[in-house]
Amino acid sequence: MKIVVAALALATAPLYTLAFAPAPLLKTGGSFATSSSLLQLSADPLVNANKPTELPDSLSDAAAIAANACHQLYLNGGSMTRCRVDFDTSIGDETYTTLKSSTEFMQQFVSSLSLACVEGVMQEKQRQVMKLMEAKAELRDVQEQMDEATAFAGDDEEGAEESSEQSDVVDKLTQREEELMQIIANQGFNPTTDSWDGSKLRIYFPDEGSAALARRDWKSEVPSCVEFSSCGGVQVADTSKDSVVLFFCPRASEAEFVEQILYETEEKRGDELMLTVMVNPLLVDMGVTGFGMAGRRLRERLIDGLIPAYYLRTLPWGALTRVWPQLFTVWQEDAEESTGYRLIKAMDRLPSNPEVEDIYDIENGEMSAPGEGFGLLNALGDFVNGMTRL
């Protein structure tokens, strides 16, 4: 019994208790695994408000930190908290869409957020780990029995009746082997017997095609409390148990639906709705909403009220990051640092793209630091940013 308990504790440890381990920035982690950052909850998160944000050690860490920040916002602000998470490691590469390039992060973020916000998910994961261990042990026994039965069935001296019985035994063992292998492939989840009756986390994808692919491919990557929907179309899903709602890469063309479903969900669920999180939102676009009055009103109604919970954007020479409620930080690659990155600037707001480049140039002696602000490029960037807020 002690061995089983120890194995279960070790198997579930990555979900909540394992500390950070040094790793390259955004190194890919395993499925349904999170880091201990998920539990780094302080009684008053605002004590970290003026502290610089550190870079994550891996993609799993980034997902767990982002989920922790969203959970902190809920604990600090109460029900119906609205926030946003921005994650971009493309460095300008447009080979893949934003949704495609951030899918793995989203899977791990959803898993971490489910563990933090949805009651019963941790207990379910522990049961699945136990089922996984039992399935692996039973599979070994079944395969041994199949080898013995096959050898016995091949005996030339065996009678026809006994041979038929052994053939039936092999067929049953083969069927059981397939069932066990499916349970192992699903990480202990058995779709025929396991069901989720508690609160749910719902993800809205930009279109039904993306949602359908997630229903097919994400089942073994996220907890069973996760439901998948799409923006637009006829909504037939039962949302009466939704406690966390996520919009994954909502675009300007879906802005009307996002706004509608957000208000309807808040009205319907009330205090039972813990969080609404928009991941990589692009709801204002010159070609769809414009930057005029329509864009300004949409920003005021929907976007300005979103609290930035987490921000991470990789750059050709470093990264820009922030976790609520800490400072935005700009990092430069540096081989002499143990982490591979050096902090070059901390700010209390998100710097514009020209500001980020100015910070890099000033740090590396390619331009002189101005007496105030970041020069002409910064002024131009501020002007453009101001126009987008109209």
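Ala67 is buried, with a relative accessible area of 0%; buried means under 20% relative accessible area, exposed over 50%, and partly exposed in between, with a 1.4 Å probe and protein chains only. Ala67 lies in helix H2, residues 59-77. Helices (H or I, at least four residues) and strands (E, at least two) are DSSP runs, numbered from the N terminus. The C-alpha atoms of Ala67 and Phe109 are separated by 5.9 Å, although the two residues are 42 apart along the chain.

This is a predicted model, in which local features need pLDDT of at least 70 and side-chain atom pairs count only at pLDDT 80 or more, while totals for chains, interfaces and linings use all residues. Residues are numbered from 1 along each chain as its sequence is written, and side-chain values use heavy atoms, with hydrogens and water left out.

The chain has eleven helices and nine strands. Of its 390 residues, 47% are buried. Contact means heavy atoms within 4.5 Å. Among contacts in the chain between residues at least 6 apart in sequence, 71% join residues at least 24 apart.

The nine strands form an open sheet with mixed pairing, in the order S3-S2-S4-S5-S1-S6-S7-S8-S9. Its edge strands are S3 (226-230) and S9 (341-347), each of which pairs on one side only. On average, neighbouring strands of this sheet are turned by 20° against each other, direction ignored; axes are lines fitted to C-alpha atoms, for helices over the stretch in contact, and angles run from 0 to 180 degrees between N-to-C directions. Strands of a sheet pair through backbone hydrogen bonds, either parallel or antiparallel. Here two strands pair if DSSP finds at least two bridges between them.

The bridge partner of Leu201 in S3 is Val226. Helix H4 (residues 103-117) packs on the sheet, touching strands S1 (81-88), S2, S3, S4 (242-248) and S5 (275-279). The direction of H4 makes about 165° with that of S4. Helix H8 (residues 255-269) also packs on the sheet, touching S1, S2, S3, S4 and S5, and its direction makes about 170° with that of S4.

H8 has 15 residues and reaches 21 Å from its first C-alpha to its last, close to the 21 Å expected at 1.5 Å a residue; the expected span is 1.5 Å times one less than the number of residues. Among the buried residues of H8 are Ala255, Phe257, Val258, Ile261 and Leu262. Glu259, Glu266 and Arg269 are buried in H8 as well. Gly270 follows H8 and has a positive phi, near 60°. Glu254 counts as buried, at 8% relative accessibility. Leaving aside its neighbours within four places in sequence, Glu254 is in contact with Pro206 and Cys231.

Helix H7 (residues 208-217) has Ser210, Ala211 and Ala214 as its buried residues. Seen down the axis of H7, these fall within an arc of 100°, so they line one face of the helix; the arc is that of the directions from the helix axis to the C-beta atoms. The buried residues of H7 pack against helix H3 (98-101), S2 and S3.

Further along the sheet, strand S7 (residues 318-323) is mostly covered, with six of its six residues buried. Gly318, Leu320 and Arg322 point one way from S7, while Ala319, Thr321 and Val323 point the other way. Strand S6 (residues 307-315) and S7 run antiparallel and are joined by six bridges, and a hairpin joins them through two residues. The bridge partner of Tyr311 in S7 is Arg322. S7 also runs antiparallel to strand S8 (residues 328-333), with four bridges joining the two. Thr321 has Thr329 as its bridge partner in S8. S7 and S8 form a hairpin with four residues between them.

The structure holds zero disulfides, a disulfide being a pair of cysteine sulfur atoms within 2.5 Å. Cys225 is in no disulfide, and the nearest cysteine sulfur, that of Cys117, is 9.8 Å away. Cys225 counts as buried, at 1% relative accessibility. Cys249 is buried too, with a relative accessible area of 7%.
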